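This report goes through one protein chain, from the overall fold to single residues. Please look at the sequence and the model before reading on.

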Amino acid sequence: MLKPRLRELLNNCRDLTGVAVVGRDGIPLDMETRGEFDASTLAAEFADVVKGLQNRLVDAKMGTLNGMIVETDGHRILIEPIAADYFALGLVHGTGRMARARFQLRRILPDIADDLRRIPGRPAPVPRRRGLD
């Protein structure tokens, strides 16, 4: 159910080399890639980071996490919360346009949240208010 949407996102945004929908437990529900992107490893590592940061932001009364960018020598990793228990992980190659990739990823998040509601046996995600209206 998620794979066609993720494939469409990669087809529409050449700046992204991979994208995954990840549960709070760090396990990718689905992913689509154009190469060396290993969503399983990144998802497991960043799930703890996202959970910890979300908790610290609430403790500090700073609000909720609306996104995060991690930059390395050759890539940029986008982390965008979808709902309370899910986040999207996108990989942008060093020469890719970050703003376009982030916009395209954030634009499709409400559709992914709708798809998550339809997966049997999964708790329905709590929709988040996004500033994209």
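The model is predicted: local features need pLDDT of at least 70, side-chain atom pairs count only at pLDDT 80 or more, and totals for chains, interfaces and linings use all residues. Residues are numbered from 1 along each chain as its sequence is written, and side-chain values use heavy atoms, with hydrogens and water left out.

**Overall fold**

Three helices and five strands make up the secondary structure of the protein. Helices (H or I, at least four residues) and strands (E, at least two) are DSSP runs, numbered from the N terminus. Their order along the sequence is α-β-β-α-β-β-β-α.

The radius of gyration of the protein is 14 Å, in agreement with the value near 14 Å for a compact globule of 133 residues. This radius is taken over C-alpha atoms, and the globule rule is 2.2 Å times the number of residues to the power 0.38. Along the principal axes, the C-alpha atoms fill a box of roughly 35 × 35 × 30 Å.

Contact means heavy atoms within 4.5 Å. Of the contacts with a separation of 6 or more, 52% join residues 24 or more positions apart. The exposed surface comes to about 7,100 Å², of which carbon and sulfur atoms supply 52%; accessible areas come from the Shrake-Rupley method with a 1.4 Å probe, and for residues only the protein chains shown count as cover. Buried residues, 42% of the 133, are those under 20% relative accessible area, while exposed means over 50% and partly exposed lies in between (1.4 Å probe, protein chains only).

**Nonpolar cores**

In soluble globular proteins, nonpolar side chains tend to be buried together. A nonpolar core is here a set of buried Ala, Val, Leu, Ile, Met, Phe, Trp, Tyr and Cys residues joined through side-chain atoms within 4.5 Å. The largest has 22 residues, and L16, V21, L78, L105, I82, I112 and L116 have the most contacts inside it. At least two residues of this core come from each of α1 (3–12), β1, β4, β5 and α3 (98–117). The largest contribution to this core, eight residues, is that of α3. A second, separate core has 15 residues, including V22, A39, A43 and L89.

L105 touches L9, V19, L78, E80, A88 and G90, not counting residues up to four places away in sequence. L9 itself is placed in helix α1 and counts as buried at 2% relative accessibility. With neighbours up to four places away in sequence left out, L9 touches L16, V19, Q104, L105 and I108. The C-alpha atoms of L9 and V19 are separated by 8.4 Å, and the two residues are ten apart along the chain.

The expected span of a helix is 1.5 Å times one less than its number of residues. The bend at a residue is the angle between axes fitted to the seven residues ending there and the seven starting there.

| Helix | Length | Span, first to last C-alpha | Expected span |
|---|---|---|---|
| α2 | 21 residues | 29 Å | 30 Å |
| α3 | 20 residues | 29 Å | 28 Å |

Helix α2 has a kink of about 30 degrees centred on F46. In α3 a kink of about 40 degrees lies at L109, shortly before the proline P110.

The buried residues of α2 are A39, A43, F46, A47, V50 and Q54. Their cover includes β1 (16–23), β2 (28–33), β3 (68–71), β4 (75–83) and β5 (86–93). In α3, the buried residues include M98, A101, Q104, R106 and D115, and the cover of its buried residues includes α1, β1, β2, β3, β4 and β5.

Q54, in α2 (residues 39–59), is buried because its relative accessible area is 16%. Beyond residues up to four places away in sequence, Q54 touches R24, L65 and P81.

**Loop residues**

Most residues other than glycine have a negative phi. K61 has a positive phi, near 55 degrees, and lies in the loop between α2 and β3. K61 counts as exposed because its relative accessibility is 74%.

D25 lies in the loop between β1 and β2 and is exposed, with a relative accessible area of 52%. Its C-alpha atom is separated by 11 Å from that of S40, 15 residues apart along the chain.
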